[in-house]
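Let's take a look at where a ligand goes in a protein. Have the sequence and the structure open while you read.

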Amino acid sequence: MSEFDSVAREWDNKPDRLERSMAIAEKILEAIVPAPSLTALEFGAGTGILSLLLKDYFSEITMMDSSQEMVKVMEEKVANGQQYHLKPLFFDLEKAPYTRQKVDVIFTQMVMHHVHELDLVLSRFREMLNPDGQLAIVDLYAEDGSFHGESFKGHLGFKPEDLSGRLKSNGFKAIQYGPCYVMQKETAEGLVKDFPLFLLVAKGS
Ligand SMILES: C[S@@+](CC[C@H](N)C(=O)[O-])C[C@H]1O[C@@H](n2cnc3c(N)ncnc32)[C@H](O)[C@@H]1O
């Protein structure tokens, strides 16, 4: 059972999630130069908001998530919109390597700070990419812990230069990063705070 199962049905009720994804989709499209012949995989796709926004830019998008309930929501959306080139997939990349068809682009939004085995997942990303494949990571800049609150066991955002070093060690090249969006979120103290996000892009070979 995933901690995200219980929030899957209400995930899309917060309009800021769509707003954020729209801004991020534009930044990703500027950074990776997609082509309709390319295939993609979204890691930690949640309810598929970002993949749905990018659906016309790829021949196929695998929407991987380790929450069964998130995957069910994606399956319903795909069936309702008859968008069968979008492929929801229940899969935990920390538990096993993904050995099906390689893809040209991997993108991921607000997931890496939840990943405990960071190097393992980065090395798996590299194995999943075709030659010249591209990776796009959007996540929080290093923060003081107020984004999730005290009980959170993941990463308190990242310094992109540190993440970049890890990517280099895992064989990635041409790494570039910069700010891409500023989220606002209410903290446990009831303050609405700005949380800047970065977009990092890298080539797998
Ligand atoms: C904060 S949510 C973000 C969802 C979506 N990317 C968005 O921005 O709306 C993180 C998602 O990553 C998924 N996730 C976390 N670890 C994962 C893993 N190891 N393999 C696959 N999915 C994972 C969770 O199930 C969850 O749906």
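Start with the largest pocket: 48 residues line it, and E3, F4, W11, M70 and H114 are the ones nearest its centre. A pocket here is an open set of points on a 1 Å grid over the protein atoms alone, with protein on both sides within 12 Å along at least five of seven lines, and lining residues have an atom within 4 Å of a point. This is a predicted model, so local features need pLDDT of at least 70 and side-chain atom pairs 80 or more, while totals for chains, interfaces and linings use all residues. Residues are numbered from 1 along each chain as its sequence is written, and side-chain values use heavy atoms, with hydrogens and water left out.

The lining splits into 19 nonpolar, 16 polar and 13 charged residues. For these classes, Asp, Glu, Lys and Arg count as charged, Ala, Val, Leu, Ile, Met, Phe, Trp, Tyr, Cys and Pro as nonpolar, and the others, Gly among them, as polar.

And where is the ligand? It sits in this largest pocket, meaning more than half of its atoms lie within 2 Å of the pocket's grid points. Around the ligand are 20 residues, with W11, G44, D65, D92 and Q109 coming nearest; "around" takes a heavy atom within 4 Å.

| Residue | Ligand atom | Distance |
|---|---|---|
| W11 | oxygen | 3.0 Å |
| E94 | nitrogen | 3.5 Å |
| Q109 | oxygen | 2.7 Å |

Taken alone, the ligand exposes 590 Å², and the protein buries 96% of that (Shrake-Rupley method, 1.4 Å probe).

Methods:
A polar contact is a pair of N or O atoms within 3.5 Å; within protein, one must be able to donate a hydrogen and the other to accept it, and residues adjacent in sequence count only if both atoms are side-chain atoms. On a 1 Å grid over the protein atoms alone, a cavity is a set of points where a 1.4 Å probe fits but cannot get out, and a pocket is an open set with protein on both sides within 12 Å along at least five of seven lines; lining residues have an atom within 4 Å of a point.
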